[in-house]
Amino acid sequence: MRLTRLSLEQYRSYAAAELHPDPGLTIIAGPNGAGKTNLLEAIWVAVTGRSNRAAADHELVRHGAPWARIRLDLSDEHLNPSRVELVVPGVEAGPEVRKRLLVNGLSRRPSSLTETVRAVLFRPEEMLLLVGPPSDRRRFLDGILTQSDRRAARDLVDLARVVAQRNALLRAIRADEAQPAQLDFWDEQLVTIGSRLMAARVAVVARLAERIGALHAAVAAGDEGDEGAGEVRLEYLDSLRDAWPERASMAAAGELEGPFRTRLAEVRQKEIWNGSTLVGPHRDDLRVELAGRDVASHASRGQQRTIILALKLAETELLAADRNSADTGGADETAQPVVLLDDVFSELDAERAARALELLMQRGQVLVTMADLSTLPKRHRHSVAVWQVDAGQLRLAPRVA
Amino acid sequence: MAGLIAPVARLIEEFGKLPGVGQKTAQRLTYHMLRTSAEEARALAAALVAVKEQVGYCSVCCNITERDVDPCSICGDARRDALRICVVEEPLDVLAIERTGEFHGRYHVLHGAISPMDGIGPERIRARELVLRVSDQEIDEVILATNPNLEGEATAMYLADLLSGKVGSVTRIARGLPVGGDLEYADDVTLIRSFQGRRQVERA
């Protein structure tokens with residue numbers, strides 16, 4: 001599926017805007033704060049059903065407007081068009097305006113679009129993926145799950161609620177306002193949903209691991225000296241630790257439930273003291289090693305960036321591959337995701353940026369925002385359409401000189 | 001609020017406290033009240049006061065009832081099956097089930113569901129009243145009709161434990177596909193639940 005048109009009404013800084021992405025590479029340029037990221041966000045919102053940075057939907061609506069509308073025109077390999085329309089109510093919206101998603105005029109559940117088209121979003125913050133807190137790496141894994149596994153997507157929402165309820169109950173027990181026996185129900189939910197999610201994440205890590213070696217080598221191809229040398233290993237670090245020694249080889253949710261219960265029983269007292277749930281997918285992490293050493297503490301910045309690019313490439317491949325297995329079509333370009341690169345080239349040296357862009361373009365339709373066009377790899381500077389954003393206006397700029 | 005005279009601002013504020021009513025709607029309701037006749041305004045005010053003064057809780061099922069009708073009209077109806085109790089979260093749930101005409105027993109209204117996050121533990125719902133009720137009299141079946149969400153399930157499980165051994169049987173309403181729905185549009189969890197709860201086809 002390929003994006004042929006993005007059109008916005010009353011969305012964030014835009015009263016109205018229209019973008020016709022190129023099948024290959026599209027550049028969105030403009031000064032900082034002009035609204036470049038809003039365009040990528042709009043695509044992300046239409047595809048996944050929610051924003052990656054707005055806390056509430058109404059933040060997406062232009063100030064003073066009752067609603068915002070995002071339209072995506074898509075086209076498959078036979079050039080069959082489909083049309084997606086998402087309406088998001090604003091603060092001022094009357095009760096008749098509700099969030100709704102139409103696909104070819106038919107009403108669908110928001111977030112169900114990932115069966116039709118998928119997106120990979122690459123933000124500059126993700127350059128810190130390997131050294132940042134574990135929650136960053138969980139979000140990376142969950143971003144893949146949300147688009148490829150409907151059950152896991154729902155489990156993630158439920159888990160957040162179970163953990164919040166359970167934490168409140170733990171605090172009530174600590175204050176002697178509740179009985180420990182009341183934990184039984186929430187423990188059971190935590191174990192059932194948590195085991196399913198851990199198994200789903202372990203499976204995603206295994207599939208990323210299958211791809212990371214080749215992709216890492218491809219990105220590192222031009223690195224100087226032995227910067228790119230060494231094997232990359234990915235390991236899902238679960239909070240069941242001691243209870244589940246052979247974790248790497250196990251992935252069935254049913255097998256995790258027993259150890260999960262055991263571990264919960266072990267930490268019960270500590271959980272009550274802390275007033276928080278200490279075991280579960282919300283405490284897990286992804287460990288990345290290069291040549292047998294933890295990258296967060298041992299790899300250079302350059303090495304880390306190479307690995308992060310390889311991870312995002314693997315994510316792109318995985319979201320495409322997943323659709324192939326579900327479709328009858330096999331490996332055709334329609335399964336390729338839309339890749340949204342939000343100002344990431346400013347974080348990369350020219351060599352690495354050029355290689356990364358090449359590799360991403362082989363795997364998806366690419367839209368890139370940048371403040372400074374000189375960060376665009378040289379060989380693309382003359383061949384690519386550039387859309388210029390300024391003060392809420394979007395227009396196709398003359399080719400870059 | 002700037003530019004508003006005090007009585008108007010006060011009414012907007014009061015309307016704004018109602019569930020589902022935002023600033024805009026509160027203003028609209030207020031200006032509507034300004035345009036209506038004094039009698040209508042008085043009738044509304046009287047109805048508001050009456051709902052607090054003349055409505056109480058049934059001493060048997062905890063549902064709302066008129067002050068001088070206790071037990072409530074359902075609990076006081078001798079034709080209804082006294083051996084079956086349907087447990088629901090809110091008075092509105094009773095109305096929904098009554099509309100179906102399918103259930104002829106009596107109710108028990110919990111006035112909430114267990115939700116630690118909102119500070120609602122088992123002691124905050126009318127569970128103790130239910131236990132007293134079933135130990136006072138012989139009950140064949142208690143049907144747990146709390147909502148099929150996390151809090152409703154937590155409540156159902158808590159009550160099932162509490163009631164076990166005290167009544168003939170404890171049942172939970174079924175979860176699954178909506179009538180008139182399409183399989184292909186059902187979400188995965190609902191579909192899974194309806195498979196888990198599948199039944200033998202009864203031959204005519």
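A nonpolar core here is a set of buried Ala, Val, Leu, Ile, Met, Phe, Trp, Tyr and Cys residues joined through side-chain atoms within 4.5 Å, with buried meaning under 20% relative accessible area (1.4 Å probe, protein chains only). You're looking at a predicted model, where local features need pLDDT of at least 70 and side-chain atom pairs count only at pLDDT 80 or more, while totals for chains, interfaces and linings use all residues. Residues are numbered from 1 along each chain as its sequence is written, chains are lettered from A in the order in which they are written, and side-chain values use heavy atoms, leaving out hydrogens and water.

Start by selecting Leu208(A), Leu234(A), Leu341(A) and Val368(A): in the largest nonpolar core, which has 80 residues, these touch the most other members. Now colour helix α4 of chain A, residues 183-220, which supplies the largest share of this core, 17 residues (helices are DSSP runs of H or I, at least four residues; strands are runs of E, at least two; both are numbered from the N terminus).

Next, hop to Ala42(A), Ala54(A), Val61(A) and Ile70(A), which are among the 41 residues of a second, separate core.

Then zoom in on residues 386-390 and 393-397 of chain A: strands β14 and β15 run antiparallel, joined by 5 bridges (strands pair if DSSP finds at least two bridges between them). Pick Val389(A) and you'll find its bridge partner, Leu394(A), in β15(A). The hairpin has 2 residues between its strands, and Ala391(A) in the turn shows a positive phi of about 45°.

Last stop, chain B: show it as a cartoon to see 7 helices and 6 strands. Its C-alpha trace spans about 70 × 50 × 40 Å along the principal axes.

How values were computed
Buried < 20%, exposed > 50% of the residue type's maximum accessible area, 1.4 Å probe, protein only.
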